[in-house]
Amino acid sequence: MFPTLMKINAGSVGLKTFTRRFVKMRLREVSGSKEILTSSSLPPEEDHSVTEESKSARPDFREKNIGTIARILGVSESDVRKPPRKLIVEENARETFNVLQEHGFLAREVLCYPDLFMMSPMATFNYIEIMKESLFTSVGLSQILNFSPLQKRSVELLHQMKVTPTPPEIVQSYFAVLEMKKNTQAEDSVWNALPHDMSRLTLKELRQIVMAQFIAWKLNCDPAEVHLVFPKYLRISHRCLNWIKQSLEILMEETTLEKDKILRHGYLLQANPKNTADVLRNIESLSGIPMEKLLHKRPKILMSSRKTLLEVESLFTQHGIPPDSLLRHPELYTLSANTLRERLEEFDSIPEFSVLKNHPRVSRLIYYQKKAKARVEYFRSINMTGASLHLLSLDKNKFKRQLEKGGPRTRGLDILTYLKTYFSKTKKEIRQAIHMQPHWLNSSSINMKDSLQFIEEFKVFTKSQIFSALPIILYPRENLQQKFQAVLDSKEASLTDDYFLHMVLYFLEKSVHFSGDGLWHRNSTQLNTDDEGDDEHVTRFDSYLDNLDNMKKNKKRKTAKLLPEVEETEPEEIVFGESLYETLNNDNNNKKKPNGKV
């Protein structure tokens, strides 16, 4: 046994440190000199030395924190000693200092504990109140700063340290705060829930037992259900009993939330009761929606301040978000005003999003905007168009299953909603007018909006004229531009004629033999404009291959997959000698004959 092992306490250090120390001491014993200790003779380890370059790269908040503390306390910067190593948020620190002042602490006292400025004002307030409710002999700044580990001590140890009185006296103090002495049955339930020997309970456990019995008494439920709320919403345990009492009374008296719903949304108990009362008493409606309706949809709204809710409402009005959408998904009211402002500004800049602004579920899209934006970029990379709002806002598993089924299958709600707002028509009227185009469900909303803007640029067509030839807006802008010019060159009609758009639609369908396939084409140079009907060279994106079954809605046509598989890298150019529907009929007739004989 080496004598070196006797000099090192292996239990007090880690294995790596122990090995290094052992090697050092053995080398010294063998060589009798420290010069033999070279870097090559020691076990390799990471270099934790701080270079000048790393010092300059590391953020230094010392000077900033000193200036912040000096401004808040009204002292000179030379009086500030040992500032926190993390950056102090001045607004938060001012609120914390205001809380300390309200409880009688002076600036010169706070100056000795600068780490207090890293605490939130809400936590500072609750720690002080909990110590008062627990009858602490003294409530000092040191106890506030170290309250979290202090409440994990047993009540018996705290009593021996003369920090608190006996456990029964603490419980009696809790009864007085919660006003449970008015009800003997409620008081007895607490004593029955407490163990006979309370000395082993920590202060936190003692408070949780009393708190659970109080909430169960108020909500008329099982205390075991309340105990399940504590690990789910940890901050409830760090709220003073008076805070919990006020929050619960406000929810029960000033809202119509059911008792079981309050328990399911336990985070409401940890909300600031002053803020909750301020919202309920000063806001009757948001975006024209009664507050009660919003609360039943999303009780978490009460966690936001009145100022934030009014700012959010103003942003919705500015950006034209429909109120019906907010009633369906009021989660947007739980976001901060700055976050929502950034999202709405970005929303208008993305074509796939802006076309859906009047959608009844647009608020859900805004709420999951980051995820939806990533999906839009993915669809662009694979040349897929026409993704619906439903597909963009689906959860991860459902989105994956939808893609496996093949493409963005839709019911046309996005298109109908946009056109309903534009033409001021019912969805039924729009569906009947646009149903003449058999592939309208596969049309892109962005393409449709772009085509409408192109027609509007002429400033000669009324909305009723556009509506009478409604399928024309489903065709790409490039095709419309070419056919507009073709009609004008042929002198068949002029822009002022009522039937001009019908003539353009005739030219569009004529080039594809009236098969309805014209909206698939993006490049106008690929369209056949001759009367003889030469073979067409058409390009179809792979996103539409799995959507041919939509043609079943036309009773005169049949559904089948005609196109071969398209590679993922680039769209494949496919040549048709016949119209799509003639080919489908011929293909089905060939399948009926045995052995493929014609």
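The largest pocket is lined by 29 residues, and those nearest its centre are Glu95, Pro121, Met122, Trp243 and Asn272. By pocket I mean an open set of points on a 1 Å grid over the protein atoms alone, where a 1.4 Å probe fits and where protein lies on both sides within 12 Å along at least five of seven lines, with lining residues having an atom within 4 Å of a point. What we are looking at is a predicted model, in which local features need pLDDT of at least 70 and side-chain atom pairs count only at pLDDT 80 or more, while totals for chains, interfaces and linings use all residues. Residues are numbered from 1 along each chain as its sequence is written, and side-chain values use heavy atoms, with hydrogens and water left out.

The space in this largest pocket comes to about 1,100 Å³, the volume being that filled by probe spheres set on grid points joined across faces, edges and corners. At least two lining residues come from each of α5 (90-102), α7 (121-133), α16 (241-254) and α18 (273-282), where helices are DSSP runs of H or I, at least four residues, numbered from the N terminus. By class, the lining holds 11 nonpolar, 11 polar and 7 charged residues, with Ala, Val, Leu, Ile, Met, Phe, Trp, Tyr, Cys and Pro taken as nonpolar, Asp, Glu, Lys and Arg as charged, and the others, Gly among them, as polar.

Turning to the rings, the structure holds 20 aromatic pairs, counted when ring centres of Phe, Tyr or Trp (its six-membered ring) lie within 6.5 Å, with planes under 30 degrees apart called stacked, over 60 edge-to-face and the rest tilted. Tyr233 and Tyr267 form an edge-to-face pair, because their ring centres are 5.7 Å apart and their planes stand at 70 degrees. Since Tyr233 lies in the loop between α15 (229-232) and α16, and Tyr267 in the loop between α17 (259-264) and α18, the pair ties together parts that are 34 residues apart in sequence. Tyr233 is buried at a relative accessible area of 16%, and Tyr267 is buried at 11%, where buried means under 20%, exposed over 50% and partly exposed in between, for a 1.4 Å probe and protein chains only.

How are the rings of Phe461 and Phe484 arranged? Their centres are 6.2 Å apart and their planes at 90 degrees, so this pair is edge-to-face. Phe461 counts as buried at 13% relative accessibility, as does Phe484 at 2%. Ring pairs also link Phe454, Phe458, Phe461, Phe484 and Phe500 into a cluster.
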